[in-house]
Amino acid sequence: MRCRGLVALAVAGAAVGVAFSSPGLAAQQAPTRASAEAFVASAESRLARDHALSTRASWIRATNITVDTDALVEQLDAEQSALVVQLGREAAAWDEVAVDPVVRRKLDLLKRLLDMPPPQRAGGAEELAEVSGRLSTTYATGAFEFEGRRYTLGEAERALAASRDPARSQALWEGWRTVARPMRADYVRMVALGNEGARDLGFADVGAMWRSGYDMEPDAFADEVDRLWAQLRPLYVDLHCYVRARLNTQYGDAVQSAHGLIRADLTGNMWGQNWSGILDITAPQGSTPFDLTPPMKARFTNGEALTRAADGFYGSLGLAPLASTFWTLSQFERPAGRQVDCNASAWTIDEKDDVRIKACFAITGSEWRTSHHELGHNYYQRAYQAQPYLFREGANGGFHEGLGGLRRPVGGDPDLSAGRRPSGAWR
Ligand SMILES: [Zn+2]
């Protein structure tokens with residue numbers, strides 16, 4: 001549910017062991033309207049062919065993190081991203097050629113198919129795959145010592161949400177940050193490599209590449225976000241002031257000042273991004289905040305049961321049921337005896353009906369909403385299966401997240417007013 005570019009969706013597959021130093025498809029053809037169509041068709045089938053292989057490898061690694069699965073995914077990532085970058089660079093050969101609008105869109109998509117493009121130079125893809133793999137594993141398997149035992153991220157999140165002791169909240173917040181500290185050098189390196197790769201593809205940097213994915217110029221997208229923020233800002237400032245005052249009343253000046261910034265750990269969320277966990281403190285005076293968790297615990301005994309109930313919402317919209325493999329192959333709970341990546345995310349394995357959720361659901365109101373969100377991604381992924389390979393990601397990421405967030409306004413969750421942000425990308 002944290003925002004982070006996803007995995008399998010954006011990383012298109014490629015044949016294992018392909019020699020990427022071979023002359024590119026584009027080099028063999030003059031840049032004409034016809035050769036653009038031939039290039040795009042060839043690139044698309046090449047990428048689609050092995051998508052399932054790369055996605056299955058990533059799935060196995062995410063649900064069973066070992067030295068071996070890490071190494072396999074790292075190798076596949078390096079090979080695939082080198083191919084995708086090669087295709088993206090070759091696509092630039094038709095930048096000045098008048099081509100069919102559908103072909104133009106596919107050429108543009110080829111240039112930004114990867115969230116984090118590796119540098120084109122020799123060794124660039126391998127180094128980025130190694131650094132990214134290490135970051136991913138460190139984060140997914142991170143834990144810290146607290147009160148005499150080890151806390152995973154999920155346990156720390158729940159403890160922080162429940163804590164009303166500022167010293168304990170601070171310790172949990174800082175404890176989780178000890179996992180991040182050793183990641184700093186790799187993260188800085190990943191950014192440098194990604195920016196280098198983005199420049200190789202003709203973008204100013206990774207940020208400009210990301211902002212170019214919304215059918216407008218990157219600068220125009222930044223302006224649009226600024227415009228929307230200016231619209232929303234007065235409400236946010238009022239809410240911030242109100243919540244700060246409530247926290248000040250709850251904890252006193254020594255813990256939360258009546259002025260300035262809100263102490264992030266007091267929001268009860270590990271990133272301070274969602275304040276719904278402190279509704280007991282922030283609800284209007286005289287009201288009785290409704291806590292979804294107790295009735296959830298009374299009704300559901302495990303993550304699958306919770307997800308089946310959430311799925312009923314999508315069935316009630318008239319959508320066809322998910323394939324039976326969704327229920328047999330998804331990971332709804334943290335399994336015993338192996339390391340897994342618990343960050344909730346939605347996957348399409350074969351880009352057809354084999355969609356899955358990977359999560360470690362606890363029975364809480366927050367996870368209830370997360371299960372709806374991930375299911376929204378799954379239904380949206382499935383809806384694109386008849387599209388050409390390069391169009392299967394949807395119009396843009398905003399639509400994906402929007403569908404995931406649909407349940408909230410429609411369903412009228414009791415704590416809708418707490419303003420929980422829709423959870424992250426395809427997660
Ligand atoms: Zn999402």
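Start with helix 4 and helix 5: their crossing is left-handed. The model you have open is a predicted one.

**First stop: helix 4 against helix 5**

Select residues 67-91 for helix 4 and residues 101-111 for helix 5. The two pack at an angle of about 135°, and their axes lie 7 Å apart. Angles from 65 to 115 degrees count as roughly perpendicular and those over 145 as roughly antiparallel, so helix 4 is oblique to helix 5.

Now show side chains. On helix 4, pick V84, L87, G88 and A91. On helix 5, pick L107, L110 and K111. These residues make the contact. Colour them by class: five are nonpolar, one is polar and one is charged.

**Second stop: helix 4 against helix 6**

Check the hand of the crossing: helix 4 and helix 6 cross in a right-handed way.

Which residues of helix 4 and helix 6 make the contact? From helix 4, select D70, E74, D77, A78, S81 and A82. From helix 6, select A125, E126, A129, E130 and T137.

**Last look**

Show helix 4 with both partners. Its crossing with helix 5 is left-handed, while its crossing with helix 6 is right-handed.

Technical notes
Residues are numbered from 1 along each chain as its sequence is written. This is a predicted model: local features need pLDDT of at least 70, side-chain atom pairs count only at pLDDT 80 or more; totals for chains, interfaces and linings use all residues. Side-chain values use heavy atoms; hydrogens and water are left out. Axes are lines fitted to C-alpha atoms, for helices over the stretch in contact, and angles run from 0 to 180 degrees between N-to-C directions. Helices (H or I, at least four residues) and strands (E, at least two) are DSSP runs, numbered from the N terminus. Angles under 35 degrees count as roughly parallel, over 145 as roughly antiparallel, 65 to 115 as roughly perpendicular and the rest as oblique. A crossing is left-handed if the near helix is turned anticlockwise from the far one by less than a right angle, and right-handed if clockwise. Contact means heavy atoms within 4.5 Å. Ala, Val, Leu, Ile, Met, Phe, Trp, Tyr, Cys and Pro count as nonpolar, Asp, Glu, Lys and Arg as charged, and the others, Gly among them, as polar.
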